[in-house]
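Colleague: Hi! I'm new to this one, could you walk me through it?

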Amino acid sequence: MKTGIVILNWNGKDMLRRYLPVLVKCSRQDDAQIIVADNCSTDGSVEMMQSEFPDIRLIRLDRNYGFAKGYNMALKQVECEYYILLNSDVKVTPDWLLPLVSYMDVHPGIAACQPKLLDLKDPEYFEYAGGAGGYMDKWGYMYCRGRVFDTIEKDEGQYDSIQDVFWATGACLMIRSADYWAAGGLDDRFFAHQEEIDLCWRLRSRNRRIVCIPESVVYHVGGATLNKSNPYKTFLNFRNNLLMLYKNLPENELAKVMRVRFWLDGLAALVFILKFHLGDAKAVFRARREFRRLKPEFLDSRKENIEESSLADIPERADFSLLWRYHVKRCRTWSDL
């Protein structure tokens with residue numbers, strides 16, 4: 001098979017039942033295969049797949065390995081030119097696959113891409129997790145075409161051009177299998193959250209391009225497996241962001257960025273306290289403690305990434321502070337930035 005569409009499922013039986021038939025209907029190509037990899041669900045997902053979707057290939061993992069390791073283990077069992085990592089809560093549209101495959105076929109310098117991601121609950125708007133492609137500021141804060149912090153734009157065709165991006169969303173990520181493994185795959189030490197950004201950073205530093213192809217459109221429920229305000233999600237996002245920065249930042253930036261992030265993370269915790277989100281505030285401090293504990297384990301990965309890097313200045317990594325432009329200069333959209 002040329003393309004393997006792989007859904008990593010954990011207790012997503014209802015989502016699979018709802019959106020898998022749409023995926024099957026909209027992905028009828030001789031060279032594409034749909035695979036569900038189950039992360040040891042306890043909600044009857046496996047039994048449902050076996051009874052309702054017997055023709056869909058099912059990979060059963062023996063426990064919940066998280067997003068990163070779960071995908072690594074599943075993809076080792078999939079032989080194809082392209083992988084598509086697809087969330088179970090994504091609703092695809094007719095002909096969504098063709099623009100992605102066609103573009104990758106004729107652009108060998110592209111390692112990975114994503115479609116335009118819209119909000120299934122409010123279809124006129126971009127979806128938080130990926131919009132029309134992701135970027136990062138100088139201090140490690142993420143934003144997208146269509147979403148800056150919690151300001152989400154209405155899709156009016158303003159980002160319908162194919163655009164180089166810094167990262168493509170893990171909700172629907174197409175990547176060459178050769179590039180996936182050459183860069184080491186997803187870092188399973190992250191467990192979940194920001195591991196696809198870390199992978200895209202490694203690819204970009206090796207001068208492999210990432211793009212958004214808005215001709216392909218999918219709709220994402222978002223927050224279906226872990227609510228956006230969940231303190232555990234806050235912990236994972238802060239910890240993994242620090243680990244990612246440590247792994248990938250050039251030597252001449254590392255110390256300064258980490259010093260600034262110490263104070264910015266403290267400020268974030270204070271904001272959580274003032275909003276009475278005490279669980280989230282504790283999660284920030286816990287994330288920083290865990291980062292310090294894990295940091296020695298990532299030293300070899302950092303050395304490897306620096307040695308393999310061939311692109312010192314990545315154009316899609318902004319040289320400004322997103323916090324300053326958003327909160328002080330009142331820039332609310334990607335175009336304003």
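Modeller: Happy to; we'll take a strand, then an arginine, then a surface patch.

Modeller: This is a predicted model, where local features need pLDDT of at least 70, side-chain atom pairs count only at pLDDT 80 or more, and totals for chains, interfaces and linings use all residues. Residues are numbered from 1 along each chain as its sequence is written, and side-chain values use heavy atoms, with hydrogens and water left out.

Colleague: Great. Is β13 buried or exposed?

Modeller: Five of the five residues in β13 (residues 172–176) are buried, so the strand is largely enclosed by the rest of the structure. Buried means under 20% relative accessible area, exposed over 50%, partly exposed in between (1.4 Å probe, protein chains only). Strands (E, at least two residues) and helices (H or I, at least four) are DSSP runs, numbered from the N terminus.

Colleague: Which way do its side chains point from β13?

Modeller: Cys172, Met174 and Arg176 point one way, Leu173 and Ile175 the other.

Colleague: Switching topic: where does Arg202 lie?

Modeller: Arg202 is in helix α6 (residues 195–205), and counts as buried at 4% relative accessibility. Its side chain reaches the backbone oxygen of Gly185 at 2.9 Å.

Colleague: And which helix gives the most to the nonpolar patch?

Modeller: That's α8, with five residues. Leu270 lies in α8 and is partly exposed, with a relative accessible area of 43%.

Terms used. A polar contact is a pair of N or O atoms within 3.5 Å; within protein, one must be able to donate a hydrogen and the other to accept it, and residues adjacent in sequence count only if both atoms are side-chain atoms.
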